[in-house]
Amino acid sequence: MQMLWIDPRVARGVLRRLAFYQARTFDPLADADLERSSNECAAGEMAALREVPFAQYYGSRRCDAAFVLLAGLYVERTGDEETLAELWPSIEAALGWINGPGDPDQDGFVEYRRASEQGLAIKAGRIPTTRIFHADGRLAEGYIALAEVQGYVYVAKRLAARCASRLGKREMAEELEIEARQLAERFEQAFWCDELGTYALALDGAKDPCRVRTSNAGQPLVQRHGCAKTAPASSPPI
């Protein structure tokens with residue numbers, strides 16, 4: 001994303017690689033569901049022997065939305081509808097995962113829980129030893145919905161709507177805009193904490209907010225101030 005302004009070919013290469021490595025099978029060790037986007041690949045003997053899951057790892061809960069988001073920003077920057085058409089099946093697959101397996105309890109939020117004890121317990125932009133916790137120190141358990149992931153999904157759907165319009169898929173574009181708007185409304189109701197003056201870090205498996213003030217909320221905060229509803233759909237989360 002940061003290279004788009006100077007050389008969008010980098011983004012095009014990343015997008016094609018991510019599309020190529022979308023999961024084709026279910027693999028608990030690699031946290032891979034069908035049509036998920038890979039967020040990490042590693043070489044080395046332990047990865048090759050599957051002693052660690054990171055040869056091709058799919059555990060990130062934001063990578064699928066980030067893939068769609070980058071595709072949308074790339075097209076906004078370049079107008080390259082040929083590459084968009086090439087990537088569209090993978091974009092649809094990522095959106096399908098977001099609305100399907102990515103939301104296991106179908107409450108409208110993308111959630112995570114590692115499928116293998118060897119996978120990462122945290123699927124956010126945090127070091128693996130960090131845990132998601134409540135203000136009283138209790139660890140969050142169950143399927144966890146992270147604040148920043150919902151921000152990625154919101155902008156991804158708005159950008160995907162614009163991409164769908166470019167490809168003449170008007171009905172799908174309208175559906176994606178509605179989904180994005182509904183997500184913003186649900187998020188505001190479930191995550192906003194008046195006592196903190198910001199959004200909760202996450203919702204735990206019981207839908208209890210983790211009322212902890214962190215930088216994670218910086219990405220969806222743009223919605224709180226109305227920017228996401230008035231800015232161009234190409235604006236990424238901050």
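Modeller: With a cut-off: a residue is buried under 20% relative accessible area, exposed over 50%, and partly exposed in between. Keep in mind that this is a predicted model.

Biologist: Is Val14 buried, exposed or partly exposed?

Modeller: Val14 has a relative accessible area of 37%, so Val14 is partly exposed. This residue is found in helix α1. Together with Met3, Trp5, Ile6 and Val10, Val14 makes a nonpolar surface patch of about 510 Å².

Biologist: How many residues are in the largest nonpolar core, and which have the most contacts inside it?

Modeller: The largest nonpolar core holds 61 residues, and Phe67, Val68, Ile91, Ile132 and Phe191 have the most contacts inside it. Elements that each supply at least two residues include α3 (63-78), α4 (81-99) and α6 (170-191). The largest share, 12 residues, comes from α5.

Biologist: How many aromatic pairs are there, and why is that of Phe109 and Phe191 called edge-to-face?

Modeller: Planes over 60 degrees apart count as edge-to-face. The count is five aromatic pairs. The planes of Phe109 and Phe191 stand at 85°, with ring centres 5.4 Å apart, so this pair is edge-to-face. Phe109 lies in the loop between α4 and β1 and Phe191 in helix α6, 82 residues apart. Both Phe109 and Phe191 are buried.

Biologist: Which residues form the aromatic cluster, and which charged end sits over the ring of Phe109?

Modeller: Phe109, Phe187, Phe191, Trp192 and Tyr199 form one cluster. The charged end of Arg186 sits over the ring of Phe109, 6.0 Å from its centre.

Key. Residues are numbered from 1 along each chain as its sequence is written. This is a predicted model: local features need pLDDT of at least 70, side-chain atom pairs count only at pLDDT 80 or more; totals for chains, interfaces and linings use all residues. Side-chain values use heavy atoms; hydrogens and water are left out. A nonpolar core is a set of buried Ala, Val, Leu, Ile, Met, Phe, Trp, Tyr and Cys residues joined through side-chain atoms within 4.5 Å. Buried means under 20% relative accessible area, exposed over 50%, partly exposed in between (1.4 Å probe, protein chains only). Helices (H or I, at least four residues) and strands (E, at least two) are DSSP runs, numbered from the N terminus. Patches are made of residues with over 30% relative accessible area and no salt bridge: like charges are joined within 9 Å, nonpolar side chains (Val, Leu, Ile, Met, Phe, Trp, Tyr) within 5 Å. Accessible areas come from the Shrake-Rupley method with a 1.4 Å probe; for residues, only the protein chains shown count as cover. A salt bridge is a side-chain nitrogen of Lys or Arg within 4 Å of a carboxyl oxygen of Asp or Glu. Rings of Phe, Tyr and Trp (its six-membered ring) pair if their centres lie within 6.5 Å; planes under 30 degrees apart count as stacked, over 60 as edge-to-face and the rest as tilted. A charge sits over a ring if NZ of Lys or CZ of Arg is within 6 Å of the ring centre and within 35 degrees of the ring normal.
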